[in-house]
Amino acid sequence: MTVWREAVGTPAARVEGPAKVTGRAGYTYDRPVTDPAYAFPVQATIARGRVASIDSAAAAGVEGVLAVVTHRDAARLADTGDAELAVLQSDEVGFRGQFVGVVVAETPQAARYAAGLVRVEYEQRPHDTELRADRPGLYAPEQVNGGFVSDTDEGDVDAAMEAAAVTVDRAYTTPMEFNSPMEPHVSVAVWDPGERAPGGGFAEGARLTLFDSTQGPHVVRSTLAQVFGLPPERVRVISPYVGGGFGSKGMPHAHNVLAALAAWAVPGRPVKLALTRQQMFALAGHRTPTIQRVRLGAGADGRLTAVAHEVVEHTSAIKEFAEQTAVGARMMYAAPNRRTSHRLAALDVPVPSWMRAPGEAPGFFALEVAMDELAQACGLDPIELRARNDPEVDPESGRPWSGRHLVRCLREGAARFGWAERTAPGTRLVGRELVGLGVAASTYPYYRLPGSRAVVEYEGGGRYTVRIGAADIGTGAWTALTQIAADALGCRLRAVRVEIGDSDLPAATVAGGSSGTTSWGSAVVAACRAFRHVYGEQPPAGAEAGADMPDDPDAERFAMHSFGAQFAEVRVDADTGEVRVPRMLGVFSVGRVVNPRTARSQFIGGMTMGLSMALHERGVLDHRTGHVINHDLAEYHIATHADVVDVDAVWLDEEDVHAGPLGARGIGEIGIVGAAAAIANAVHNATGVRVRDLPITPDVLLR
Amino acid sequence: MIPFEYLRAGDPAEAVAAVAGRPGAAFLGGGTNLVDHMKLGVAGPDLLVDVSRLPLDRVEETAGGLRIGAAVRNSDLAAHPLVRERYPVLARALLSGASGQLRNVATTAGNLLQRTRCPYFQDVTTPCNKRVPGSGCSAAGGYTRYHAILGASEHCVATHPSDMAVAMVALDAVVAVLGPGGARTLPLAELYRLPGDAPQRDTVLEHGDLIIAVELPHLPFARRSAYRKVRDRASFSFALVSVAAALDLDGGLVRDVRLALGGVAHKPWRATRAEAELRGGPATEDAFRRAAEAELAAARPLPGNAFKVAMTRNAVVATLRALAEEGR
Ligand SMILES: Cc1cc2nc3c(=O)[nH]c(=O)nc-3n(C[C@H](O)[C@H](O)[C@H](O)COP(=O)(O)OP(=O)(O)OC[C@H]3O[C@@H](n4cnc5c(N)ncnc54)[C@H](O)[C@@H]3O)c2cc1C
Ligand code: SF4
């Protein structure tokens with residue numbers, strides 16, 4: 001069933017664009033609140049141990065300081081089950097950079113200065129932050145992110161490898177990476193205290209309003225309500241504008257709790273907290289480093305008989321997050337013998353979390369470079385190799401695909417990109433530059449998360465308001481939802497106003513898993529239909545109807561994934577090994593594209609992040625101290641404009657009839673998947689050097 | 001709030017007196033380095049004497065050369081027609097540094113005196129002999145990708161980060177200083193120190209010494225000069241290694257040459273050994289390579305930056321090769 005009329009599929013301009021470019025869009029820190037105070041954290045300078053003593057006298061004496069809060073006097077939380085969020089509840093230190101205190105002052109400058117004067121003595125214990133494949137204590141998590149099993153084993157991989165005519169057996173690594181959204185993590189906490197309980201607890205009647213830069217106001221609300229022991233209706237989270245998140249704002253982090261604790265300590269004062277860029281490296285999540293062994297076995301014709309993808313990665317000793325790095329290998333290629341596994345090292349490191357395409361982004365670097373190695377070993381064109389191994393049905397579940405168009409993406413891209421000009425590795429020298437082309441496949445699952453609800457109200461005068469507590473973190477979701485509502489109501493785009501970014505609005509799932517537009521969008525479609533069903537085309541002013549996101553029966557019957565083909569041209573300086581990427585092209589199959597303008601920027605944004613992952617990004621953990629030593633954007637490199645020359649994305653004109661009422665599978669993350677592999681494969685084509693460890697820096701290619 | 005006073009000096013003498021009279025005082029140029037350090041706790045001056053608006057913002061022609069005021073902005077200097085014409089190496093070096101926004105603010109003197117980007121120096125939670133003498137050097141045994149291969153000591157292996165200074169050292173620039181004891185000049189190459197056992201001192205300047213100008217001598221063959229910066233991304237990153245070179249050819253022979261290296265030492269590294277090898281010899285790739293190798297014979301790379309030796313050699317060869325080709 002389809003609903004689109006004029007708006008869906010048209011490149012509508014962002015509804016919030018004018019507010020953003022004219023500076024009227026109020027981001028969290030700029031929220032006017034009455035008489036704000038400012039918080040600045042005190043962070044642990046050891047990676048493991050306990051706080052032995054704290055001397056806050058000097059800090060407390062600084063002019064303008066209102067409170068210095070530490071584990072000794074912070075209000076007690078109701079639920080400390082999540083150690084990341086159990087802020088200032090004990091003297092234990094689980095990683096360097098963890099909060100051990102917070103200063104609240106009249107100005108941000110006073111708070112920061114005073115925080116530097118808090119003297120903390122530690123009882124240090126030996127720490128361990130180093131990930132190695134051969135280290136003791138690696139364990140299989142019960143499940144990995146996304147709810148997948150940790151390990152799978154089908155057939156007999158070892159025997160198949162033994163018997164295979166051609167094999168690849170290699171280790172690939174990716175470093176610790178950081179989401180680094182432009183807007184840092186910011187929380188403004190306002191308490192309406194009700195009765196203060198003895199002992200500083202959060203008693204009857206207390207209400208918390210949190211202005212927060214988040215990907216999910218409802219998730220923050222429900223989580224914090226539990227942490228503080230408040231009924232959810234007494235917590236409100238507001239965040240209409242968010243300056244990027246890439247997953248790092250997908251779930252609440254410690255700073256949310258710290259802001260609320262800081263505000264609780266200064267009754268009557270709202271408290272603003274913005275993490276500095278340096279603090280974000282310890283407190284806003286990161287992508288785990290990975291060590292991945294990929295084994296491929298194939299016949300001489302390149303037909304795969306075995307695929308094994310075994311991953312070693314880290315989590316924090318205080319909280320488990322298991323990136324699902326090998327999960328994509330379960331469905332990608334047809335091979336009768338398949339094995340995947342995840343092993344974690346629980347280290348004294350900050351808590352890893354979601355970063356754009358968790359799982360697929362690092363996993364497809366390894367898998368798709370390995371496929372390139374296999375193509376080389378078989379003497380096959382890498383596109384042909386992938387075509388030969390394109391499975392008829394999902395190898396993992398046996399279900400039919402709702403639409404698998406990988407090979408079409410590859411062939412379409414090959415034609416557009418000039419793939420035929422590709423020469424043998426290391427043979428194309430232009431001036432002093434080695435030129436090469438590379439390709440990689442990309443995929444991302446279709447997630448539709450249950451739990452969203454939308455409400456439609458007729459305001460009179462031909463105008464409708466649609467309410468849903470969703471989040472637009474710069475993706476264009478706000479615009480897409482407006483388009484979807486306009487079509488579903490059968491009215492003009494400008495007749496619809498969508499309200500998002502507030503937990504007082506109907507429940508909505510997190511902006512994550514590329515699921516926002518599809519999940520929220522189907523709730524919006526359902527609500528609009530319910531509205532028309534009750535009120536018809538001539539509703540009275542004030543008429544209102546709502547609906548929950550309907551179930552998706554096809555989700556059980558089909559394997560639903562988006563696919564893509566990533567192409568890259570690289571030029572490698574023959575003298576210095578510097579790699580530049582003059583051209584990238586992505587061809588994607590994602591079901592219906594709701595808004596080509598914002599979709600394109602999602603794709604090319606993802607590809608740019610993939611380029612950055614390929615060539616630049618590397619968090620350097622100093623194992624002696626346990627912290628990321630290049631913790632600012634001068635030293636932690638992200639691709640600059642000069643690195644990103646011509647990145648283009650196109651997509652197949654299609655609709656996935658099994659993917660809910662919109663026929664769309666989600667677009668936010670697939671752009672990064674495979675991009676780094678395409679670049680690494682192009683580097684091999686240019687130079688003949690196979691790089692299996694990211695990032696590909698000049699020293700690696702120096703001759 | 002970190003309390004400090006701010007004074008906008010009316011003339012150079014007033015600025016010198018203000019700083020010389022107070023141990024905790026510092027000159028303020030564009031502030032792009034110093035103010036960062038104040039935020040990070042690396043520096044804590046109690047008086048900032050702003051010299052960015054002193055009338056030292058002119059580029060003047062001298063006998064065949066140029067005199068560059070200490071307050072001339074990096075962008076203005078890079079765009080100056082005489083710089084572009086006579087010293088392209090300097091214009092290129094400036095434009096390869098930092099970002100457009102930073103160059104609009106950064107001053108000539110501030111650029112010369114910017115401090116190392118060693119991450120441990122910038123992180124007050126780690127030991128660093130340059131920041132806290134005697135506390136130890138965290139880079140030893142740590143992250144050394146951007147650290148020195150030449151002239152380092154056991155006390156400090158940091159590099160000087162300026163691109164502009166590398167070009168100026170190649171051009172035999174002279175620095176004009178006004179100090180509490182009066183005015184003096186010294187070759188830029190002698191302004192900088194090697195770390196030795198006092199890495200806290202980047203230069204030979206004393207407290208209260210104000211740089212007022214940089215003089216570039218007449219050097220006609222610098223019209224054929226180039227700056228090559230090898231880096232981890234295409235812009236807005238510090239040099240892994242860099243090369244400033246000017247080449248004077250006499251047919252197939254090297255009549256004269258200027259060569260300086262960045263990203264390899266505690267100071268912009270004038271490659272005098274390589275220059276001596278090259279002078280009078282053939283302008284061939286082999287000769288360029290031998291000269292680079294002669295200079296790098298003294299290199300002592302660290303675990304983590306051994307690649308810099310080959311990278312520097314290749315960058316030197318590539319830069320000289322391009323200049324030689326330009327001359328044919
Ligand atoms: C993110 C980033 C990237 C950068 N990338 C590069 C790069 O790639 N290449 C590069 O070369 N640089 C780079 N820089 C550094 C930049 O060039 C310097 O910060 C700038 O040149 C310093 O000039 P300023 O006028 O702002 O100095 P300030 O910060 O004002 O001062 C620096 C020092 O000089 C002293 N001082 C200033 N004027 C005088 C004077 N007249 N006499 C005596 N002492 C004086 C100050 O007391 C201070 O100690 C980068 C900086 C940043 C922040
Ligand atoms: S190299 Fe120099 S600046 Fe860096 S930590 Fe060592 S002493 Fe400090």
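This is a predicted model: local features need pLDDT of at least 70, side-chain atom pairs count only at pLDDT 80 or more; totals for chains, interfaces and linings use all residues.
# Reading contacts, shells and interfaces

Reader: Where in chain A does R72(A) lie, and how far is its C-alpha atom from that of S90(A)?

Author: R72(A) is part of the loop that runs between β3 (65–70) and β4 (92–93) of chain A. Although R72(A) and S90(A) are 18 residues apart along the chain, their C-alpha atoms are separated by 7.8 Å.

Reader: How should I read the size of an interface, and what is buried between domain 2 of chain A and domain 3 of chain A?

Author: Interface size is often expressed as the accessible area that is lost when the parts come together. Here the assignment for chain A gives domain 1 (17–26 + 449–551), domain 2 (33–126 + 183–243 + 250–283) and domain 3 (143–178 + 287–446 + 557–702). Domain 2 of chain A and domain 3 of chain A bury about 1700 Å² between them, with 68% of it on carbon and sulfur atoms. Of the area that domain 2 of chain A buries against domain 3 of chain A, R96(A), M251(A) and F281(A) supply 40%, more than any other three residues. In terms of contacts, 17 residues of domain 2 of chain A meet 19 residues of domain 3 of chain A, while the centres of these two domains, taken over C-alpha atoms, are 38 Å apart.

Reader: What do chain A and chain B bury between them, and which three residues of chain A supply more of its buried area than any other three?

Author: Chain A and chain B bury about 2900 Å² between them, 53% of it on carbon and sulfur atoms. The three residues are R624(A), I629(A) and H637(A), which supply 17% of the area that chain A buries against chain B. Counted as contacts, 37 residues of chain A meet 37 residues of chain B.

Reader: Turning to the ligands, why is the site of ligand 1 described as shared between chains?

Author: The site is shared because residues from both chain A and chain B surround ligand 1. There are 33 surrounding residues, and the closest are F27(B), G30(B), G31(B), T32(B) and T107(B). By class, the shell divides into 15 nonpolar, 13 polar and five charged residues. Within chain B, β2 (25–28), α2 (34–40), α7 (108–112) and β8 (210–216) each supply at least two residues of this shell, and α7(B) gives the largest share, three residues. Ligand 1 also lies between domain 1 (5–49) and domain 2 (226–326) of chain B, because both give residues to its shell.

Reader: Which polar atoms of chain B lie by ligand 1, and how much of the ligand does the protein bury?

Author: A polar backbone atom of G31(B) is 2.7 Å from an oxygen atom of ligand 1, and a polar backbone atom of S237(B) is 3.4 Å from an oxygen atom of the ligand. Taken alone, ligand 1 exposes 980 Å², of which the protein buries 92%.

Reader: How many residues surround ligand 2, and which are the closest?

Author: Ligand 2 is surrounded by 14 residues, the closest being C118(B), C128(B), C137(B), C156(B) and V157(B). Its shell holds nine nonpolar, four polar and one charged residues.

Key
Residues are numbered from 1 along each chain as its sequence is written. Chains are lettered from A and ligands numbered from 1 in the order in which they are written. Side-chain values use heavy atoms; hydrogens and water are left out. A residue is near a molecule or strand if one of its heavy atoms lies within 4 Å of it. A polar contact is a pair of N or O atoms within 3.5 Å; within protein, one must be able to donate a hydrogen and the other to accept it, and residues adjacent in sequence count only if both atoms are side-chain atoms. Accessible areas come from the Shrake-Rupley method with a 1.4 Å probe; for residues, only the protein chains shown count as cover. Helices (H or I, at least four residues) and strands (E, at least two) are DSSP runs, numbered from the N terminus. Ala, Val, Leu, Ile, Met, Phe, Trp, Tyr, Cys and Pro count as nonpolar, Asp, Glu, Lys and Arg as charged, and the others, Gly among them, as polar. Domain bounds come from an automatic or database domain assignment. Contact means heavy atoms within 4.5 Å. Buried area is the accessible area (1.4 Å probe) that two parts lose on being put together, summed over both.
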